[in-house]
Amino acid sequence: RTLLERDAALAARLLPGRQQHNNCLTIVRLPPEILTIIFMHVSPPEVRCDWADRVWVDESLADIGWIAITHVCRRWRQVAIGYPLLWTNIDFSYGRAWTQAFLSRARSAPLSITSRKP
């Protein structure tokens, strides 16, 4: 077997132990309502324009790096993906696949749509 195959097999054998360990951590056991509040603080902020009292997404902060929270553990992923308000800032410049994922996850929540030139 190749080294990659061995690595994948080892990772598969370690997964149940990792999941059991994660389930014991306090942060993982927080109620979904608390986790979503935390996640909302990590998601891209909106800023308010003084001149027109309109809400705009600050381009310097509109980064989807916060999506990393969906890769921390299975539970965080389920909570984050299942919380529509995390997915309401749609930016078409991220491409079709991301746009479709955000639209699907936002469900019927009100959207904020942005389109920046790449």
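A nonpolar core is taken here as a set of buried Ala, Val, Leu, Ile, Met, Phe, Trp, Tyr and Cys residues joined through side-chain atoms within 4.5 Å, where buried denotes under 20% relative accessible area, exposed over 50%, and partly exposed the range in between (1.4 Å probe, protein chains only). The structure is a predicted model, in which local features need pLDDT of at least 70 and side-chain atom pairs count only at pLDDT 80 or more, while totals for chains, interfaces and linings use all residues. Residues are numbered from 1 along each chain as its sequence is written, and side-chain values use heavy atoms, with hydrogens and water left out.

The protein contains five helices and four strands, assigned as DSSP runs (helices, H or I, of at least four residues; strands, E, of at least two) and numbered from the N terminus. Along the sequence these elements follow the pattern α-α-α-β-β-α-β-α-β. Of the 118 residues of the protein, 25% count as buried. The accessible surface, computed by the Shrake-Rupley method with a 1.4 Å probe and, for residues, with only the protein chains shown counted as cover, comes to about 8,600 Å², of which 58% belongs to carbon and sulfur atoms. With contact defined as heavy atoms within 4.5 Å, 46% of the contacts between residues at least 6 apart in sequence join residues at least 24 apart.

The largest nonpolar core has 15 residues, of which Phe39, Trp66, Ile69, Trp76, Leu86, Trp87 and Phe102 touch the most other members. Helices H3, H4 (74–81) and H5 (96–106) each supply at least two residues of this core, and H4 gives the most, with three residues.

In H3 (residues 32–42), the buried residues are Leu35, Thr36 and Phe39. Seen down the axis of H3, these residues fall within an arc of 100 degrees, so they line one face of the helix, the arc being that of the directions from the helix axis to the C-beta atoms. The face of H3 turned away from this buried side carries the exposed residues Glu33 and His41, whereas the buried residues of H3 pack against helix H2 (26–29) and H4.

In H4, the buried residues are Trp76, Val79 and Ala80. They cover an arc of only 95 degrees around the axis, which puts them on the same side of H4. Arg74 and Gln78 are exposed on the other side of H4, while the buried residues of H4 pack against H2 and H3. In general, an α-helix has 3.6 residues a turn, so residues three or four places apart point the same way.

H3 gives the most to the patch, with four residues. Ile38, which lies in H3, is partly exposed, with a relative accessible area of 34%.

Thr99, found in helix H5, counts as buried at 8% relative accessibility. Apart from its neighbours within four places in sequence, Thr99 is in contact with Ile90, Asp91 and Phe92. Arg107, in the loop between H5 and strand E4 (112–114), is by contrast exposed, with a relative accessible area of 54%, and its phi is near 50 degrees, a positive value in a residue other than glycine.
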